Structure formats: structure tokens, C-alpha cells
Amino acid sequence: MSSQDTAPPEPEISHDDDLFKPGHRACAGCGPALAMRYITEATGENTIISHATGCMEVVSSPYPESSWDVSWIHDVFANAPGVASGVEAAYRAFDEKEGFEEFEDHDDVNFVAIGGDGATFDIGMRSLSGMMERGHDVLYIAYDNEGYMNTGIQRSSSTPFGASTTTSPAGSESFGNDTQKKNMPAIAADHGCEYVATASIAYPTDFKRKIEKALEHDGAKYIQVSAPCMLGWDFDSAETVNVAKLAVQTGMQPLFEIVDGELSDVMSLSDRKPVEEYLETQGRFAHLFSKEGGDEVIEEIQEHIDEQAEELGLDR
Amino acid sequence: MGEQTMLKGDRAVAHSVLSAQPDVVSAYPITPQTGIVEKLSEMDANGDLRGQFLKVDSEFNAASSCIGASGAGARVFSATSSQGLKLMSEPLFTASGMRLPLVLAVANRSLSGPLSIWNDHTDAFAERDGGMIQFFAEDVQEAVDNILMAYRVAEDPEISLPALANLDGYILTHVKEPVEVPTEEETAEYLPKRDPHATLDPKDPKTMGAFARPEHWTETRFAVHDALLRSKETIGDAVEEFADQFGRDYGLEWGGLLETYGPEDAEIALLGLGSIVGTMRDVADDHPASVKVVKPRVIRPYPEEALREALAGVESVGVLTKEVSPGHQGTLAAELKSALYGSGHNPAIHSSVLGLAGRDVTKGDISDIIDEIVDATTAGPSTGVISEEDWPQLKRDMLPDEVTH
């Protein structure tokens, strides 16, 4: 068990290639754009990425420009895992057949699929389920900014309870989103993924180490990286990393690994902070502090975190 | 030359696919296509299919994985029908825009609702504007051969588009016919290894499926349109070389885009797609009137010039369609009218919507249509307005009151 105040071990990352190029159209202070950079730093150049529709796809691939210095394919919103399955299967076929000597060996290529939480938790869920069930040698990375931020600021099934979005607005009869975030890591683990982890852009070394670790496993693997959206969550663009860090430190975003279906490592907290400290940094939760009854919602959020912390053994 | 054997259509198509040795087959079962993927599964289980067979979760991901594999440079295959084709529709539209060749066998079946598992062409026409090449087969042999021709055209680097090889559900998938299945060696001679422009190669990174803004999107759509128009010539070449190697001629006279049957100077032409054409040929043989049959082999690219030539001199055309665009008319009839507009030749065009969702089309049905055309020809040109008269198989007593009022 490591903790927030113990530096995680240095990862064995040999490549510092600049494979996610600057000049993309992401907002200043974009959490997901940091995630893309860390992903390519960890996977290196021998990588083929299948990308779901979403903000990171749109900001990085406006024809005739591209931020990607690795092979990259985008098809539609719901099928990045399906497309990645096909790419991976093709390389497997090339290995097994004669006449494809010009292609890299399957084992030398990192097959990666990337989707936002909308693509992962909602519309692409069937595609991801199929990819995991079939055990394709693909690392799926969900960058989780807790909403459909490409189309504005709408709720997804990753949006936390109590957050105001344009489709789950706070109003006279509403405290914002009225459902709890879908537990995707558990769903991935239940599919038999050998390696499942959560990560945060506030802990890049940990995130990259998890990517490297995931890629050592054959078969499907799933990493979910918490990547705050300054626009959708409504905070100052200089605060992205601090907000992401607070998510971890309050237990809102626990960091853990599940290997072979067993919880194997949790970044435990010696002094878990109350969730208010996290909620008050963001406009999407502002109504909880100004509206009558908001304190009860905050309490409900805290209870949910406490239950989750108990299950994970988050507190030291 | 492959041996002639008695085979069910779905099995025969699977043998044709096997001969092309696709690198990735990805499919989900749906009636009446299922026999194709069942047979391919069996071939895979016995080690005859040397590629990867993905048993996916849905048609949506069958198409998606074919797109990924095609992007990687693989030869890919899938098969589907009806609702399954609809489920593939979203990714299929992108495959043409991304210029990725895929070959799909489509066992044509009506679309819900109401639910029906039987044949018509509603599913194929629902994909009409997706930028896919669409072949239609009259019999099992043509279904088998169209698979190979579809690969030839779809994978031609100058074309590089998805292709649907349509065959009528049940009528062709479940009928046993004597058929010659090409051997792997023969197919290898006809169909060289795919040589794609670009692949997802880690050593030479490419961005595929980039996001296009208004400055560029129009040109991508034009490029698909242009490739489809150019594919007419590629189809012609593919049909010609097929005839040279296998001895079967699929309308060489018409650039491989359509076939005709009957007297050249016929006054009446019957136009239809797929298996109905066999019945049309029989009726034309029997009918005292001078009737010829015109069978488009493709609906995309649309064989406009060939149709104009094949129909030159006819006084009237009976277009028999197993599809309708509700609120308008049979699409095949509407498109024929558009092809003839401005040509200076203005035959009466009689649209008949029939054979929907497995309703049998008998020789009597077709004969009646010819009789009506003969009468109408003498009475003056058709108004072209679609009405109940254009649905010859309609059972009026089964219609609800608000329809019959």
C-alpha cells in the first residue's frame, strides 16, 4: 500500500517521445489533454490508438492537422473498442499468415482504445463489453471528465450525484444529477479483465506506471483516469491539477488496481479530507452551498464516499 | 475450374468467402444470413479459414471491427440482414468516407415493423446513400461470384469503398442449386492480395478518420461520389476478367452493370432486382407480347447510361420493386425516371411494389402486370403517381378503415 504522502516508485519509462503534439485545440487547463500526453508518453511510439468521438478526438484531429504522432483511427462515438478489436485481430492474423512480413509483430504493438466517459460508461458500453469479453489484447483507457463535455456540459452516467449539468440542472425542485456514478471499474473487473485500475492526471507517475503495467498483460485491460474539465466543472483553468488532487484526497476519486479480479493495491489516505473541500472548488456544485437543503445532499455525497472508502480500505 | 455441386445459397456464399481467405471475419448471427456465418465458423473450427474469426457482440461491432481491421490493411468479411444491417449502418457510412474496403454479404430481408424475417429489399435501400457499392444476385451462382467481384472492386486502391453483395433472403440463402465454387487457387489468381494505400502502421503513423470542418467535408463526400462513379469501369473490368477466367458472363455487353433478356426491339421492358428476375424471364418467355427483361446488377453505382441504352426504343417499362420509399414510390422506379429525364426518350413507367416481406411473386402476378402495361400503353402514358393500383398484391379488405375510408 502506498499513500498520498509517500512518493510512488519511479516508473521504468524509457521513452519521453513527444507523441501527442502541442497545437491542439483543447482549452487552457484541460485535464483530458494532459491525460493524452501521459498516455502516449507511457505507451511509446509502437502504438495504434482507436479513439472514440469526444472532445479529445475533436481537438486533436481537425483535418488537415493532427496532434497524433502514433497511428490513430477514429470511427464513431460508440465503437472505439470494436474498432480496436479489429485492428488487434488484423495484426494477429498477419502474424499467423504468410505474406504480411512488412507488418510489425502483434506482440510488439500496443493496441490502445481511448474514450471519454460518455463513450465508455454509456454509448460505447456494449462495444467495450464485447471487447473485454473476447479478451482482445487491447488497453482501454477512459478519460473521465464526468460528462458530455464535447457537446456542451451534459450529464453522463459518470456524472456524480449532485452535480449540475445542462441536462441535470439544479433548479427549484432539483439538486442536479440524481444518480450515482456508474461503477465502471467493477464492471470491467467482472468481465474478467486481468488488469483494471483507476488513475488521476494529478498523479502522472502513478498513471504512467499503471499504463506500463497494464500493457504487460495479454488480453483486455481497463484504466479509468480522472481528468477534470475546467469548463464543465467550472473552475479556474490554473486549478486543474489541484482539483484533480482534491478528488483523490477526499476519496471522491479513489485510486486502486484490480489484478485478476482482486483488489491488489489502493493508494490509501492517512487523513482523508471532507468532501466539501472538493465540492466548493467547482461551480457545478455551487448550488449545494447556496440552496436550502444543499447540506443534506453534501452529507449524502459524503456518506457515499465513506461507504466506498470502507469497501476499498481507503483509510489508513 | 471448381466443381459443380448442389449447395444451399448460404453455404455456397461461405465457400466463396473461404476461397478469398479473408484475414478477419467478424459477424453476428441473424436470420436468414445465419447459415453463412455458421458455415464460416465451421471452416474456422476446422482450420480452413486461416484468418481471425471474431464472434462479436452485435452487428454494430461486426462492422466496427471490420473497419478497424480494414484500416490495418486486412481483407475483411461480414454478413448480415435487415435489422442487423441497420445496426451496422452508422459505422458503414463512415467506412465509405474513410475509404475502407469491406465486403458484406447481405441476405435481404424486410425491416420492422411489423417484425418479418422474410425477403424484400427494404434493408439494402435503407443503406442506399451510404457510399457503398451494392451488387444484387439473381441466383446462387451469381451470389457466389458477386462476392469475388465485390472484393475486386472494393479493394481496388483507386476505389477503396465498402461493398454489399446482396442476395435474397430464403429465396437464395435457403435454396439448393447446382453451383460452381471457385477454389482458393482460382480465386487467388482472380483476386490478388490487398494492396492498400495506407495502413495503421506504427512505423509510419497515420491519422485515419480525422474530423473535417466545413472547409473540407464537401470534398470528402465528392471523393466518395466520384469513386462510386469511377467504379462502373472497375466493375466492367472485374466482370470481363471474371468471364475470361471462369467463363460466366454477367452482362459484359452492358459493362457488367446490368443484364438483358429477350428481344432487343421489345416494346415492353420489365425491370427488377435479384431473384425475381428468374421469374420475369419465365414470364417473358411465355408472354405473347414482345417483352424484354432488364436486370440491374448494381444499384450503386447507378447504371444510368446502361439503363438508357437498354431501354432505348421501348414504349413502356414495368418496374417491379421489393421496396418502397413511403410517401413517394418505389426507389428503383423513381431513379429510372430520373435517369430518363432529358434523354429525349420518355417511355411510360409503371411502378409495381410487390413481394414485400416474403409475399410470393408468381408468374401470374407478373403476367397481370404485363397485361396492364399493354392496356396502359394503348391508353396513354402513366401519370407516374403512386397509388393503390401500383401495389398489385395489396389486399384491400385487410386495410384499416382510415386507409380505405
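Select helix 3 of chain A, residues 80-96. Helices (H or I, at least four residues) and strands (E, at least two) are DSSP runs numbered from the N terminus. This is a predicted model: local features need pLDDT of at least 70, side-chain atom pairs count only at pLDDT 80 or more, and totals for chains, interfaces and linings use all residues. Residues are numbered from 1 along each chain as its sequence is written, chains are lettered from A and ligands numbered from 1 in the order written, and side-chain values use heavy atoms, without hydrogens and water.

Show A:Pro81, A:Gly82 and A:Ser85 from helix 3; they meet A:Ser127, A:Leu128, A:Met131 and A:Arg134 of helix 5 (heavy atoms within 4.5 Å).

Stay on A:Arg134 and bring in chain B. The side chain of A:Arg134 meets that of B:Asp57 in a salt bridge, 2.9 Å from N to O. A salt bridge is a side-chain nitrogen of Lys or Arg within 4 Å of a carboxyl oxygen of Asp or Glu. Chain A and chain B have four salt bridges between them. Across this interface, 47 residues of chain A are in contact with 43 residues of chain B.

Go back inside chain A and pick A:Lys221 and A:Asp137. Their side chains form a salt bridge (2.6 Å, N to O). A:Lys221 lies in strand 9 and A:Asp137 in the loop between helix 5 and strand 5 of chain A, so the pair ties together parts 84 residues apart in sequence. A:Lys221 is buried at 2% relative accessible area, and A:Asp137 is buried at 11%.

Now move to helix 2 of chain B, residues 34-45. B:Glu42 and B:Lys39 form a salt bridge there, with their closest N and O atoms 3.1 Å apart. The two are three residues apart, about one helical turn. B:Glu42 is partly exposed at 41%, whereas B:Lys39 is buried at 16%.

Last stop: B:Asp286 and B:Lys363, whose side chains meet in a salt bridge (2.8 Å, N to O). The pair links helix 9 and helix 12 of chain B.

Terms used:
Expected span 1.5 Å × (residues − 1). Buried < 20%, exposed > 50% of the residue type's maximum accessible area, 1.4 Å probe, protein only.
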